[in-house]
Amino acid sequence: MAVQLGDDAPNFQADTTEGKIDFYEFLGDDWGLLFSHPKDFTPVCTTELGAVARLKPEFDKRGVKVIGLSVDATGDHEAWAKDIEETQGAAPNYPLIADPDRKVADLYDMIHPNASDTVTVRSVFIIGPDKKIKLIITYPQSAGRNVDELLRVIDSLQLTAGYSVSTPVDWKDGEDVIIVPAVSDEDAKQKFPKGWKAIKPYLRVTPQPNK
């Protein structure tokens, strides 16, 4: 069965460009971002891996361990890294999983046979410190991901994990948030001393609580 939101992230052992890993040991107590690529030496993937490398300090700042995957061998990953650095200005500075037997791809249901039965789609999994799947995004092979969106949604997930709030459409870090309906007005007075604006009884907007 496919992994779903709230499931335990499947653990695995694998070869990577930074040596053998146990996925849970790699994550430790941090958040994790696992993202797959259809194949090495392909154009869209080249741009994506370079973008993530350039923005890795932003993931580090949020306590997020980044790791990529492709159904190719470690030697291919290492050779490809040179192309990525040459064309994108940054080589991968995070491990890339070698998955030629598709063990990890199958664990995470990254192969979608109606798209291709040999390569992974562009899957994204964000994993919390509790090893639960917090977010899943799946793109087709033809569409490159928006790395800024991954950072934005990590900000949302980390905020909502610590406070009884949700984030509205197009929210960015520092903007107002929504008090969840399960919190009564009486409890909200304690939780949100900055107050709130009740647009509707179920739509109460408050300043971001950790700012």
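Aspartate 130 is partly exposed, at a relative accessible area of 43%. On this scale, buried means under 20% relative accessible area, exposed means over 50%, and partly exposed lies in between, with a 1.4 Å probe and protein chains only. The side chain of aspartate 130 meets that of lysine 134 in a salt bridge, 3.0 Å from N to O. By salt bridge I mean a side-chain nitrogen of Lys or Arg within 4 Å of a carboxyl oxygen of Asp or Glu. Lysine 134 is partly exposed as well, at 31% relative accessibility.

A word on the model. It is predicted, so local features need pLDDT of at least 70 and side-chain atom pairs count only at pLDDT 80 or more, while totals for chains, interfaces and linings use all residues. Residues are numbered from 1 along each chain as its sequence is written, and side-chain values use heavy atoms, with hydrogens and water left out.

Now the overall picture. The protein chain has seven helices and 11 strands. These are DSSP runs, numbered from the N terminus: helices are H or I with at least four residues, strands are E with at least two. Along the principal axes, the C-alpha atoms fill a box of roughly 60 × 40 × 35 Å. Of the 211 residues, 45% count as buried. The accessible surface comes to about 10600 Å², and carbon and sulfur atoms hold 50% of that. Those areas come from the Shrake-Rupley method with a 1.4 Å probe; for residues, only the protein chains shown count as cover. Next, contacts, meaning heavy atoms within 4.5 Å. Among contacts with a separation of 6 or more, 64% are between residues 24 or more positions apart.

Back to salt bridges. How many does the structure hold? The count is 15. One of them joins aspartate 8 to lysine 132, with the closest N and O atoms 2.8 Å apart. That pair links distant parts of the chain, 124 residues apart. Aspartate 8 sits in the segment before strand E1 (13-16), and lysine 132 in the loop between E6 and strand E7 (133-139). Both ends are partly exposed: aspartate 8 at 45% relative accessibility, lysine 132 at 29%.

Next, glutamate 48 and arginine 122. Their side chains meet in a salt bridge, 3.0 Å from N to O. This pair also links distant parts of the chain: glutamate 48 is in helix H2, arginine 122 is in strand E6, and they are 74 residues apart. Are these two residues buried or exposed? Glutamate 48 is buried, and arginine 122 is buried too.

Salt bridges link Glu58, Lys61, Arg62 and Asp155.

Helix H6 covers residues 147-162. Its 16 residues should span 22 Å at 1.5 Å a residue, and its end C-alpha atoms are 23 Å apart, which agrees. The expected span here is 1.5 Å times one less than the number of residues. Asparagine 146 caps the N-terminal end of H6, with a side-chain oxygen 3.0 Å from the backbone nitrogen of aspartate 148. The buried residues of H6 include Val147, Leu150, Leu151, Ile154 and Leu157. An α-helix has 3.6 residues a turn, so residues three or four places apart point the same way.

H2 has 12 residues and reaches 17 Å from its first C-alpha to its last, close to the 16 Å expected. Among its buried residues are Cys45, Leu49, Val52 and Ala53.

Phenylalanine 41 has a positive phi of about 55°, although it is not a glycine. It lies in the loop between strand E3 (31-37) and helix H2 (43-54). Phenylalanine 41 is partly exposed, at 44%. Aspartate 109 also has a positive phi of about 55° and is not a glycine. Aspartate 109 lies in the loop between helix H5 (103-107) and strand E6 (122-127), and is partly exposed at 34%.

Last, a sheet. Four strands form an open sheet in the order E8-E9-E11-E10, with antiparallel pairing. Which strands stand at the edges? They are E8 (165-166) and E10 (197-200), each with a single partner strand, so one side of each is left without a neighbour in the sheet. Strands count as paired if DSSP finds at least two bridges between them. E8 and E9 (residues 177-179) pair in the antiparallel sense over two bridges. Serine 166 stands opposite isoleucine 178 in E9.

How values were computed
A polar contact is a pair of N or O atoms within 3.5 Å; within protein, one must be able to donate a hydrogen and the other to accept it, and residues adjacent in sequence count only if both atoms are side-chain atoms.
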